[in-house]
Amino acid sequence: MFFHEKTYDIDELMRHNMHIHTTFSGCAKPEMKAADIVRTADECGLEIIALTDHNYPRKKNGVASQRLELLRQLEKIDHRVRVYVGAELSAYGIGKFADDIECDNSLDFRLYTTNHYHQDYWEHPEVITPRAYAEHMLGIMNSVIDSGRADCFAHPFMAGYIHAFPDPHDVTRSFTDNEIGDIMEKANRAEIAWELNTPAVLGDPEFFHRYFQIGKEVGVVFNIGTDAHVLDRIDPKQFASRYKEILY
Ligand SMILES: [Zn+2]
Ligand SMILES: [Zn+2]
């Protein structure tokens with residue numbers, strides 16, 4: 001269970017990177033070893049990082065034993081940065097979770113994704129329209145909040161993994177301000193934070209400007225997550241000026 005302080009200052013938020021993949025994620029580069037990740041984080045002066053590897057239904061509860069292995073590796077390395085060993089967990093349908101709740105609760109940081117629609121095990125809405133995807137995502141997010149399993153949402157609302165439409169941003173355009181505000185309020189009561197995910201923010205500036213402004217109004221906690229799969233992406237500060245242009 002982890003919940004940052006509430007701030008809307010991008011420079012302050014960028015002291016942390018709460019979304020980093022290690023070699024336990026098939027999609028991460030072989031250079032993403034725990035020792036090199038913490039060394040890089042120390043070099044860029046980060047205060048807190050989270051290791052967030054993917055979980056998979058076919059490797060049920062695997063992230064719990066991976067955490068122990070990562071902790072063993074970290075013990076051997078001198079480092080200043082505070083490291084949370086969590087996971088990017090999958091809610092692949094409404095009320096559908098890949099792992100047992102005991103596994104989730106053993107993690108230092110439970111970053112929940114609700115929109116990995118490119119994965120073959122992900123559920124899709126019954127009708128294939130942008131609005132149906134938006135409602136499906138809201139349904140999944142609601143079930144994650146109700147489950148009490150999450151500390152933060154990974155790239156929430158993002159439509160980049162929906163390949164059914166010429167412009168996936170038709171999905172994010174179809175969320176109303178009220179829907180975004182209501183689910184943010186509900187998550188706030190459950191102490192769930194909202195990610196400012198680098199590929200998501202940079203890939204859909206129009207939506208994430210709206211998301212940041214509504215979140216500020218509601219008073220949510222934002223986390224920065226660069227979704228690093230290479231060492232070069234561990235320092236969020238390289239994206240600070242782009243974030244400010246888009247969000248402020
Ligand atoms: Zn993801
Ligand atoms: Zn990720």
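Biologist: Which residue of β4 does Gly93 stand opposite?

Modeller: In this predicted model, Gly93 stands opposite Lys96 in β4.

Biologist: How many bridges join β3 to β4, and do the strands run parallel or antiparallel?

Modeller: Two bridges join β3 to β4, which covers residues 96-97, and the two strands run antiparallel. They form a hairpin with two residues between them, and in the turn Gly95 has a positive phi of about 70°.

Biologist: Which sense does β3 take with β5, parallel or antiparallel?

Modeller: With strand β5, residues 110-113, the pairing of β3 is in the parallel sense and extends over four bridges; as a point of reference, Glu88 stands opposite Leu111 in β5.

Biologist: What about β2 and β3, how many bridges there?

Modeller: Seven bridges, with β2 and β3 pairing in the parallel sense, and Leu51 has Val85 in β3 as its bridge partner. Together with helix α3 (residues 62-75), β2 and β3 make a β-α-β unit that is right-handed.

Biologist: Moving to β1, how many of its residues are buried?

Modeller: Five of the five residues of β1, which spans residues 16-20, are buried, so this strand is largely enclosed by the rest of the structure. The chain then crosses from β1 to β2 through helix α2 (residues 34-43), and this β-α-β crossover is right-handed.

Biologist: How do β1 and β2 pair, then?

Modeller: β1 and β2, the latter covering residues 48-54, pair in the parallel sense over three bridges, and the bridge partner of His16 in β2 is Ile48.

Biologist: Is Ala98 buried or exposed, and why?

Modeller: Ala98 is buried because 22 other C-beta atoms lie within 10 Å, where the cut-off for a buried residue is 20 or more.

Biologist: Which residues does Ala98 touch, leaving out those up to four places away in sequence?

Modeller: On that basis Ala98 touches Asn55, Tyr56, Pro57 and Lys60, and also Leu89, Ser90 and Tyr92.

Biologist: How far apart are Ala98 and Lys60, in sequence and in space?

Modeller: They are 38 residues apart in sequence, whereas in space the separation of Ala98 and Lys60 is 6.5 Å, taken from C-alpha to C-alpha.

Notes:
Residues numbered from 1 in each chain as written. Chains lettered and ligands numbered in written order. Predicted model: local features only at pLDDT ≥ 70, side-chain atom pairs only at ≥ 80, totals over all residues. Buried ≥ 20, exposed ≤ 12 C-beta atoms within 10 Å, placed from the backbone. Pairing = 2+ DSSP bridges. Right-handed = clockwise from strand over helix to strand, strands pointing away. Contact = placed C-beta atoms within 7 Å.
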